[in-house]
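Please look over the sequence and the 3D view before reading on.

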Amino acid sequence: MISFNAPEKPYKGYIFDCDGTLADSMPLHLRAWNAGLVAAQAPFHLDGKNFMSVAGMALRETVEHWNETHTLQIDPDVVIEAKNAYFEQHRHAIGPIEPVVDFARACHAAGAAVSVASGGTTDDVLFTLRNIGLGELFEVVVTADDVENAKPAPDLFLLAAKKMGVAPSDCLVLEDSLLGIEGAEKAGMESILIPHPF
């Protein structure tokens with residue numbers, strides 16, 4: 001069970017990560033990544049800790065990171081194709097992280113600007129938001145498809161703030177990954193780390 005303590009301080013804008021923050025999808029993503037690694041005959045398997053160390057990175061950047069740090073030549077296309085196929089096959093079972101979803105709804109109801117900034121693909125993020133009942137809540141959704149540099153770069157968060165019309169200093173980022181928290185800090189935003197069972 002993921003716990004969440006809502007901040008007492010009000011903000012003009014709230015930027016939510018999707019996977020692992022609004023949606024309880026990280027266990028599925030872990031299984032999907034391992035399916036991709038098996039398909040590419042990679043010489044390693046991800047556990048929860050190693051998986052969370054790259055959570056938030058764009059897909060291709062993640063594989064390139066592994067190749068660089070482990071001196072490997074894993075084919076990113078093979079990994080990503082198998083990973084995406086596995087995820088798409090099972091993604092209908094993704095549910096919400098209720099305390100964070102409730103907080104997002106409360107922020108929206110109070111008139112604050114709310115957005116999603118995710119390192120996932122637009123298709124996956126929009127599907128997941130619809131699947132957990134948030135398809136209509138967020139007018140602003142930015143993904144790795146919208147920026148040149150994914151997390152831990154600040155690009156996603158700065159774009160979300162710009163589209164919301166809120167200054168970065170008036171935004172709060174809610175994230176489950178340390179790379180996301182790092183990106184929020186680089187963007188000049190305050191942040192909350194959502195603790196994950198991993």
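The report takes the helix contacts, then the cavity, then the pocket.

## Helix contacts

The model is predicted. Two packed helices are described by the angle between their axes and the distance between the axes. The table gives both values for two helix pairs.

| Helix pair | Axes come within | Crossing angle |
|---|---|---|
| Helix 1 (residues 26-39) and helix 4 (residues 76-90) | 7 Å | roughly 140° |
| Helix 3 and helix 4 | 10 Å | roughly 130° |

Take helix 3 and helix 4. Their axes cross at roughly 130°, so helix 3 is oblique to helix 4. The crossing is right-handed. Helix 3 brings Leu-59, Arg-60 and Val-63 to the contact. Helix 4 brings Pro-76, Asp-77, Val-79, Ile-80, Lys-83 and Asn-84. By class, the contact of helix 3 with helix 4 has five nonpolar, one polar and three charged residues.

Now helix 1 and helix 4. Their axes cross at roughly 140°, and the two helices are therefore oblique to each other. Helix 1 also passes helix 4 in a right-handed crossing. On the helix 1 side, the contact residues are Leu-28, His-29, Arg-31, Ala-32, Trp-33, Ala-35, Gly-36, Leu-37 and Ala-39. On the helix 4 side, they are Val-78, Val-79, Ala-82, Lys-83, Tyr-86, Phe-87 and His-90. Eleven residues of this contact are nonpolar, three are polar and two are charged.

## The cavity

Rolling a probe the size of a water molecule over the atoms shows where empty space is left. How many cavities of 30 Å³ or more does the structure hold? It holds one. The largest cavity has a volume of about 260 Å³. Its lining counts 23 residues, and the closest to the centre are Asp-19, His-29, Gly-56, Met-57 and Gly-120. Helix 1, helix 3 (59-70) and helix 4 each give two or more residues to this lining. Helix 1 gives the most, with three residues. By class, the cavity lining has seven nonpolar, nine polar and seven charged residues.

## The pocket

The largest pocket has a volume of about 160 Å³. Which residues line the largest pocket? They are Lys-49, Met-52, Ser-53, Asp-176, Ser-177, Leu-178, Leu-193, Ile-194, Pro-195 and His-196. Helix 2 (residues 48-53) gives the most to this lining, with three residues. Five residues of the pocket lining are nonpolar, three are polar and two are charged.

Methods
Residues numbered from 1 in each chain as written. Predicted model: local features only at pLDDT ≥ 70, side-chain atom pairs only at ≥ 80, totals over all residues. Heavy atoms only, no water. Axes fitted to C-alpha atoms, helices over the stretch in contact; angles between N-to-C directions. Helix = DSSP H or I, 4+ residues; strand = E, 2+ residues; numbered from the N terminus. Parallel < 35°, antiparallel > 145°, perpendicular 65-115°, else oblique. Left-handed = near helix turned anticlockwise from the far one by under 90°. Contact = heavy atoms within 4.5 Å. Nonpolar A, V, L, I, M, F, W, Y, C, P; charged D, E, K, R; others polar. 1 Å grid on protein atoms, 1.4 Å probe; cavity = no way out; pocket = protein on both sides within 12 Å on 5 of 7 lines; lining within 4 Å. Points joined across faces, edges and corners; volume = space filled by probe spheres on them.
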